[in-house]
Amino acid sequence: MPEHSATPVSVVLSGYGPVGRAYVEHLAAHGEALADRHGARLRLAAVRTSSAEYLPPSANGAGTGGTWAPPPPRSAWGPLPSLAEALDRTGAGVLVQCVPSSPEVRDQAAAEALLALRRGVHVVTATKSHLLSHWRELGRAAAEGGSLIRISGATGAALPAGDLARAGVRGLGCRTVRACPNGTATFVLDRLSAGDSLADAVAEARRRGIAEADPSADLSGSDAATKARLLAALLWGWDASAVRTETEAVDDGTARAAREAAASGHRLRAVASADADEPLLVRVRLERTAPGDPLHALTGPEKAVVYGCPDAGDITVSGGRSSPLGAALAMVKDTLDVAVPRRLGFG
């Protein structure tokens, strides 16, 4: 796409952990290529944490996406203005959120997203906590402001599961979802089936950068349930905050079941499921999956979602990098989705 046709879009980033840094680094390295290919020049206008703000040189007119240096140490950042002030000052078109999905920051993340949406600023988020607690309120705020909210980074990192749930299977009569949306659980279960203890399997997952320092949400089924709640809300209009969950954990007693499944040619999987005929309920169960089941075929930390469409046939999406870069790329994709002007024809 010719350079002159790229639309400049100012982005305010909230959160600068591993995912936020990967997002910044990707825009710095590939901003111009993204502009040429997709028609939106994403200009990082501000990076915010809980106590400080960094203004890239491009925010002051020096550079247009990809020409500025990485942020300096946080001790060199400036004071944190209100988000309203930051959005006004930068003329932001998109607020990107990658703050931790924890109860401690949930209300602040919700308040910032609601403020942006009501002002007509699109929101792209990898943060899950406020999606679960403020789903309907966020939807109403987007409608009030004529803005969009995209959540790919919260539903499976680089796996485009959210896109399929939101629009890709629209009209195809999807009635069920079966998913292995947590790569840590899949990796650990395969290690258990090979004879590892739970402690050794988790240690190996940490060593490879697959598992968090605290993998309890992954092994308890909580993270898989959260992602399935969000997918079901996108699919069927459920209120994600009202969805009940029933979970089965991977624990010290799981190793035997994993080995027994492997001995019969099966693979034990932590499967999150939802059914349109059982409203507002998500289950996570340890299932013996057989050859031919898309969830059986997963290896390592791969993820998959199967959308059950009785008339159209099941639709499966699998793969996708489970890493800070994978989540960052999902947010880049979502940022382009809300920022690129719609074009006629194939555009």
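Buried, as used here, means under 20% relative accessible area. Keep that cut-off handy for these exercises, which all work on a predicted model.

**Exercise 1. Decide whether tyrosine 54 and tryptophan 77 are buried or exposed, then classify their ring pair.**

Step 1. Begin with the accessibility values. Tyrosine 54 has a relative accessibility of 11%, so this residue counts as buried. For tryptophan 77 the relative accessible area is 9%, so the tryptophan is buried too.

Step 2. Now the geometry. The ring centres of tyrosine 54 and tryptophan 77 are 5.7 Å apart, with 35° between the planes. Planes under 30 degrees apart would count as stacked and over 60 as edge-to-face, so this pair is tilted.

Step 3. Tyrosine 54 belongs to strand S3 (residues 52–54), while tryptophan 77 sits in the loop between S3 and strand S4 (78–79). They are 23 residues apart, and the pair links distant parts of the chain.

Step 4. Look around the pair. Tyr16 joins Tyr54 and Trp77 in a cluster linked by ring pairs. Two arginines lie over ring faces here: arginine 74 over tryptophan 77, at 5.8 Å from the ring centre, and arginine 21 over tyrosine 16, at 5.9 Å.

**Exercise 2. Classify the ring pair of tryptophan 236 and tryptophan 238.**

Step 1. Their ring centres lie 5.1 Å apart and their planes meet at 45°, so this pair is tilted as well.

Step 2. Finish with the tally, which comes to three aromatic pairs for the structure.

**Exercise 3. Find how many disulfides the structure holds, and check cysteine 174 and cysteine 180.**

Step 1. The count is zero. A disulfide needs two cysteine sulfur atoms within 2.5 Å.

Step 2. For cysteine 174, the nearest cysteine sulfur is that of cysteine 309, 4.4 Å away, and cysteine 174 is in no disulfide. For cysteine 180, the nearest is the sulfur of cysteine 174, 16 Å away, and again there is no disulfide.

Step 3. Both residues are buried: cysteine 174 at 7% relative accessible area and cysteine 180 at 1%.

**Exercise 4. Describe the surroundings of threonine 289.**

Step 1. Locate threonine 289 in strand S11 (residues 281–289). Its relative accessibility is 1%, so threonine 289 counts as buried.

Step 2. Follow its side chain, which reaches the backbone oxygen of arginine 267 at 2.8 Å.

Step 3. Beyond neighbours within four places in sequence, the contacts of threonine 289 include Arg178, His266, Leu295 and His296.

Terms used. Residues are numbered from 1 along each chain as its sequence is written. This is a predicted model: local features need pLDDT of at least 70, side-chain atom pairs count only at pLDDT 80 or more; totals for chains, interfaces and linings use all residues. Side-chain values use heavy atoms; hydrogens and water are left out. Buried means under 20% relative accessible area, exposed over 50%, partly exposed in between (1.4 Å probe, protein chains only). Rings of Phe, Tyr and Trp (its six-membered ring) pair if their centres lie within 6.5 Å; planes under 30 degrees apart count as stacked, over 60 as edge-to-face and the rest as tilted. Helices (H or I, at least four residues) and strands (E, at least two) are DSSP runs, numbered from the N terminus. A charge sits over a ring if NZ of Lys or CZ of Arg is within 6 Å of the ring centre and within 35 degrees of the ring normal. A polar contact is a pair of N or O atoms within 3.5 Å; within protein, one must be able to donate a hydrogen and the other to accept it, and residues adjacent in sequence count only if both atoms are side-chain atoms. Contact means heavy atoms within 4.5 Å.
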